[in-house]
Amino acid sequence: MKAKVDPDAIYARSEDIVAREIEGELIIVPLVSGIGDMEDELFTLNETGRAIWEKLDGKKSLKDVAEELFAEFEASPGEIETDVIGLVGELLKRRMLLEVSV
Amino acid sequence: MIMEKNPYSAKLRVDEASLWKDKTPLLVALDMELTERCNNNCIHCYINLPANDPKTRERELSTDEIKGILQEAASLGCLTVRFTGGEPLLREDFEDLYVFARTLGLRVILFTNATLITPELTRLFARIPPLKSMEITIYGIKESSYESVTRVSGSFEAAWRGIHLLLEKKVPFVVKGVLLPPNRGEMEEFESWASTIPWMDRPPSYSMFFDLRCRRDSQEKNRLIKRLRLSAEEACEFFARRLEEYLREMREFCLKFTRPPEENLFSCGAGVGGGCVDAYGNFQPCILLRHPDTVYDLKKGCLKDALTTFFPKIRQMKAEGPDYLARCARCFLKGLCEQCPARSWMEHGTLDTPVDYLCEIAHAQARYLGLLEEEEVSWEINDWRGRITAFTGKEPIYQGRKQATKRAALERPA
């Protein structure tokens with residue numbers, strides 16, 4: 001079950017994880033318990049996920065993030081919105097992002 | 001950009017050795033000996049110094065120096081740091097170092113005797129998990145055997161209390177054994193208990209070919225250690241306990257690694273993608289190799305320089321010792337034998353002297369496996385490929401350093 005994602009909301013990277021770039025790969029290392037199911041679980045994002053991740057700075061709403069991505073990549077607004085909401089849903093479920101109240 | 005469909009994120013539950021494919025970071029994993037001091041006084045130990053030795057404590061790296069090394073390690077791509085010792089929990093700043101390492105995104109393996117595990121520590125490990133199983137050495141399953149090894153009264157109870165605290169908080173750990181005269185009769189009982197630990201997915205490994213004192217500091221202790229070693233026959237008996245598995249592993253191993261090393265000293269992965277920082281800031285190519293010519297002083301340099309400049313030069317070193325050149329360099333059992341520059345250092349204080357004890361064990365195994373006849377010595381066998389083929393049913397294909405590097409990054413003696 002995916003977490004509810006609000007396109008008008010602002011999301012920030014959780015302090016419960018450490019995101020590291022190693023040899024061009026973005027590796028997400030859980031810091032606190034309950035993020036990975038297994039004791040040695042690490043996570044990585046694909047190219048799309050990473051492009052979105054880099055814009056999730058805790059300042060922009062998801063709509064703004066999608067707009068910026070639309071200006072940078074050749075994809076339709078609908079496709080981009082679907083990707084942004086899809087990734088944010090996944091990461092919320094894994095407690096890697098949190099909604100920032102404004 | 002092609003926008004891909006879900007999933008956007010993927011779990012990685014693979015070990016570092018297979019994580020990076022062809023773009024391995026400069027540093028994959030790092031061992032850090034936080035101290036050489038230990039609260040036990042084990043009869044077989046190559047490193048332990050007294051727990052309250054103020055002079056040793058003074059010489060150890062400071063908290064900030066260790067943090068600086070961890071920071072550089074993370075910047076070089078390191079994913080896993082192993083805190084070992086001595087007993088690493090003797091450091092008063094252990095919690096600070098642990099949290100610091102985890103905040104850098106490092107996974108932590110803690111090597112401990114578990115006697116200093118406290119409720120506060122288990123709460124910390126439960127809240128901020130190490131992401132790798134802790135490794136605990138068990139010296140005996142009974143108080144009498146345990147304390148005959150540790151020579152510290154109360155250590156058995158303290159270790160068991162620590163283990164129960166970890167179980168209670170579900171902090172993952174695995175246990176390892178040490179085969180010593182006081183506990184040799186307990187293997188079955190030990191393994192039966194070990195199998196009840198939720199994170200043990202295989203029987204425990206054992207330490208049995210004990211190294212002499214790593215600082216070459218006590219002839220008396222060395223004599224004791226030599227007396228505690230398994231004989232070559234006992235070693236073969238031990239290996240044959242799980243005969244099928246042993247034969248399968250040996251066939252695979254012989255196919256990949258067995259061949260004469262010639263004059264090259266390093267056929268392992270020492271100093272490639274990893275190494276060990278000792279308690280005083282010396283970066284060693286592996287956890288055992290402390291020969292002064294092979295260690296890099298991190299107080300005068302950095303991990304990157306050691307890994308890109310110093311260790312590659314060390315790895316080019318050639319053997320010069322006449323005995324080594326006559327025997328080890330021509331020995332096709334190199335893959336079965338634990339002889340290496342580190343073992344030579346531990347035994348003789350040199351890099352290239354044959355360790356007779358290891359040679360005897362390798363020969364006994366080779367005879368057991370049918371690779372050698374009773375009176376033969378391996379360095380006189382010219383048709384060694386034929387022997388391997390007869391044993392494995394296949395032609396040997398040497399896979400050398402790449403495989404050895406993976407093993408070296410993930411293994412260390414108990």
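At what angle do H2(A) and helix H3 (residues 77–93) of chain A pack, and how far apart are their axes? In this predicted model, the two helices pack at an angle of about 130 degrees, and their axes are 9 Å apart. On the H2(A) side of the contact stand Leu62(A), Val65(A), Ala66(A), Leu69(A) and Phe70(A). These residues meet Pro77(A), Ile80(A), Glu81(A), Val84(A) and Val88(A) in H3(A).

The C-alpha trace of chain A spans about 40 × 30 × 25 Å along its principal axes. Of the 102 residues in chain A, 31% are buried. As for contacts between residues at least 6 apart in the sequence of chain A, 57% join residues at least 24 apart.

Chain A also contains an open sheet of three strands, in the order E5-E1-E6, with antiparallel pairing. Strand E5 (57–61) and strand E6 (97–100) of chain A are the edge strands, and each pairs on one side only. On average, neighbouring strands of this sheet are turned by 30 degrees against each other, direction ignored. Ala12(A) stands opposite Leu98(A) in E6(A).

Attention now turns to chain B. This chain has 17 helices and twelve strands. Its radius of gyration is 22 Å, close to the 22 Å that the globule rule gives for 414 residues, so chain B is as compact as a globular protein of that length. Along the principal axes, the C-alpha trace of chain B spans about 65 × 60 × 50 Å. Buried residues account for 46% of the 414 residues in chain B. Among the contacts in chain B with a separation of 6 or more, 74% are between residues 24 or more positions apart.

One place to look for buried residues in chain B is strand E7 (residues 134–138), which is mostly covered: four of its five residues are buried. Strand E7(B) is joined by two bridges to strand E6 (residues 107–112) of chain B, and the two strands run parallel. Thr112(B) stands opposite Ile136(B) in E7(B).

A helix pair can be followed in chain B too. Two packed helices are described by the angle between their axes and the distance between the axes. For helix H11 (residues 243–257) and helix H16 (residues 384–392) of chain B, the axes come within 10 Å and cross at roughly 150 degrees. Angles over 145 degrees count as roughly antiparallel, and H11(B) and H16(B) are therefore roughly antiparallel to each other. The crossing of H11(B) and H16(B) is left-handed. Arg251(B), Cys254(B) and Leu255(B) in H11(B) meet Ile388(B), Phe391(B) and Thr392(B) in H16(B).

Which residues is Ile388(B) in contact with, leaving aside its neighbours within four places in sequence? This residue lies in helix H16 of chain B, and its contacts are Cys254(B), Leu255(B), Thr258(B) and Pro396(B). Two of these partners, Cys254(B) and Leu255(B), belong to H11(B). Ile388(B) has 21 other C-beta atoms within 10 Å; because a residue counts as buried with 20 or more, Ile388(B) is buried. The C-alpha atoms of Ile388(B) and Leu371(B) are separated by 7.0 Å, although the two residues are 17 residues apart along the chain.

Notes: Residues are numbered from 1 along each chain as its sequence is written. Chains are lettered from A and ligands numbered from 1 in the order in which they are written. This is a predicted model: local features need pLDDT of at least 70, side-chain atom pairs count only at pLDDT 80 or more; totals for chains, interfaces and linings use all residues. Two strands pair if DSSP finds at least two bridges between them. Axes are lines fitted to C-alpha atoms, for helices over the stretch in contact, and angles run from 0 to 180 degrees between N-to-C directions. The radius of gyration is taken over C-alpha atoms; the globule rule is 2.2 Å times the number of residues to the power 0.38. A residue is buried if 20 or more other C-beta atoms lie within 10 Å of its own, exposed if 12 or fewer, and partly exposed in between; C-beta atoms are placed from the backbone. Two residues are in contact if their C-beta atoms, placed from the backbone, lie within 7 Å. Angles under 35 degrees count as roughly parallel, over 145 as roughly antiparallel, 65 to 115 as roughly perpendicular and the rest as oblique. A crossing is left-handed if the near helix is turned anticlockwise from the far one by less than a right angle, and right-handed if clockwise.
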